[in-house]
Amino acid sequence: MTTEEMQKKIEKVFSERFGGKGNIYASAGRINLIGEHTDYNGGFVFPGAIDKVIMAEVRPNGLDIVRVFSIDIDQYCEFGLNEEDAPKESWARYIFGICREIQKRGGDVKGFDAVFAGNVPLGAGLSSSAALESCFAFALNDLYNGNNIDKFELARIGQSTEHNYCGVNCGIMDQFASVFGRKGNLMRLDCRSMEFEYFPFSPENYRLVLVDSRVKHELADSPYNKRRESCERVAKRLGIETLRDATMEALNKIKTDITAEDFFRAKFVIEEKERVLAVCDALNAGDYETVGRKMYETHAGLSKDYEVSCEELDFLNDVAKELGVTGSRIMGGGFGGCTINLLPNDLHDKFVKEVTARFNEKYGHEPKIYDVVISDGARLVEESPKE
Ligand code: ADP
Ligand code: MG
């Protein structure tokens with residue numbers, strides 16, 4: 001469903017259910033071009049919002065309850081605005097959480113009616129949940145708080161919603177990207193200082209394609225925690241707070257004092273930080289070939305040094321390389337999920353066809369393909385006409 005079709009559908013359902021019109025808001029899913037497993041090491045991530053959104057029509061109802069209908073789940077839910085009113089429907093808990101987190105910060109929320117839908121694929125690594133949170137956080141800031149809650153706080157409101165109402169202990173990147181996203185720009189976020197900078201990303205001759213392997217390997221011991229522990233051990237040995245401040249030179253000096261495993265984990269993190277900075281320089285110079293080369297290097301590092309890849313993702317990476325894709329790598333934590341691919345426009349159709357057929361032949365199911373364009377994040381799409 002295109003975004004325009006979605007808006008029409010939402011307006012129709014809203015007027016049937018509640019009568020009249022509200023304001024239309026939207027916020028986006030996100031990709032991360034490069035900078036993986038760097039956030040908890042105080043490094044950089046490099047996300048951007050995409051042209052897939054959650055969109056909601058929202059209007060104050062003069063009551064003290066929230067009434068909301070999810071078009072995609074085909075479910076209605078209503079809840080009050082006190083802590084004990086948390087709904088049981090998981091999708092509604094995101095909206096409840098946003099209301100509560102705004103209230104906890106001293107912001108204003110009153111009853112409203114809403115209808116929403118989305119075209120961010122759920123659970124594919126594009127952060128549909130952050131899009132949902134940011135859409136409602138932006139809407140309630142506009143409707144009840146005169147847009148006085150600053151945008152970083154809106155992202156934190158989304159993050160706290162995941163922590164406190166949805167049981168997901170996530171970082172800030174997804175909500176940050178969804179709130180701050182800007183068409184034709186990626187954002188380098190410094191996970192230590194929380195400062196960020198926009199970099200132009202509007203390649204004329206290239207495009208971004210995600211290939212979702214649709215596999216998720218659940219491993220017995222938590223590999224995520226083990227990676228974190230390795231990084232913390234090496235940082236401690238180097239006498240620094242996080243690997244953000246480590247260099248390869250310093251790491252090589254302690255090589256014989258640490259395990260080979262810890263050495264390679266830290267090596268990846270140090271090199272990944274450098275790669276993000278190199279990609280920023282390349283983008284400023286419009287050099288997408290270098291960007292692509294760095295993406296392949298990240299994949300190799302994630303696969304061989306950080307060891308968070310899997311057979312299916314390595315296969316997707318090999319096929320991409322063979323077909324002449326400019327850059328390809330795992331996107332997200334690893335052990336399944338998507339690869340993100342930067343490729344010349346004229347390779348697109350061939351790549352999609354070949355990668356789909358070859359993956360299917362080997363693993364017995366087709367991957368999902370998502371074309372993405374770097375687009376705006378949270379926004380007011382249309383204001384309802386004043387009566
Ligand atoms: P993702 O990686 O896409 O963020 P999550 O599991 O974190 O995956 O979030 C998905 C959840 O967000 C869904 O289970 C649902 O509760 C909510 N959600 C996302 N998109 C929609 C939608 N279009 N309609 C209703 N709920 C949605
Ligand atoms: Mg999520």
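1. Two strands pair if DSSP finds at least two bridges between them; strands (E, at least two residues) and helices (H or I, at least four) are DSSP runs, numbered from the N terminus. In this predicted model, strand β4 (residues 65-70) and strand β6 (residues 112-118) run parallel and are joined by four bridges. Val 68 stands opposite Ala 114 in β6.

2. On conventions: residues are numbered from 1 along each chain as its sequence is written, with chains lettered from A and ligands numbered from 1 in the order in which they are written. Local features need pLDDT of at least 70, side-chain atom pairs count only at pLDDT 80 or more, totals for chains, interfaces and linings use all residues, and side-chain values use heavy atoms, with hydrogens and water left out.

3. The open sheet has six strands in the order β5-β4-β6-β3-β1-β13, with mixed pairing. Its edge strands, β5 (75-80) and β13 (379-382), each pair on one side only. From one strand to the next, the twist averages 30°.

4. Helix α1 (residues 3-17) packs on the sheet, touching β1 (23-32), β3 (47-60), β4, β5, β6 and β13; contact means heavy atoms within 4.5 Å. The direction of α1 makes about 15° with that of β3, where axes are lines fitted to C-alpha atoms, for helices over the stretch in contact, and angles run from 0 to 180 degrees between N-to-C directions. Helix α5 (residues 173-180) lies across β1 and β3, at about 130° to β1.

5. A nonpolar core is a set of buried Ala, Val, Leu, Ile, Met, Phe, Trp, Tyr and Cys residues joined through side-chain atoms within 4.5 Å; buried means under 20% relative accessible area (1.4 Å probe, protein chains only). The largest core has 76 residues, of which Ile 31, Leu 33, Phe 46, Phe 112 and Phe 136 touch the most other members. Helix α3 (residues 128-144) supplies the largest share of this core, nine residues. A second, separate core of 35 residues includes Val 234 and Val 355.

6. Around ligand 1 there are 17 residues, of which Asp 72, Gly 123, Ser 127, Ser 128 and Ser 129 come nearest (a heavy atom within 4 Å counts as near). A polar side-chain atom of Asp 72 lies 2.8 Å from a nitrogen atom of ligand 1. A polar side-chain atom of Ser 128 lies 2.7 Å from an oxygen atom of the ligand.

7. Asn 341, in strand β11 (residues 336-344), is buried, with a relative accessible area of 0%. Its side chain makes a polar contact with that of Ser 328 (2.7 Å).

Note on methods. Buried < 20%, exposed > 50% of the residue type's maximum accessible area, 1.4 Å probe, protein only. Polar contact = N/O pair within 3.5 Å; in protein donor to acceptor, adjacent residues only side chain to side chain.
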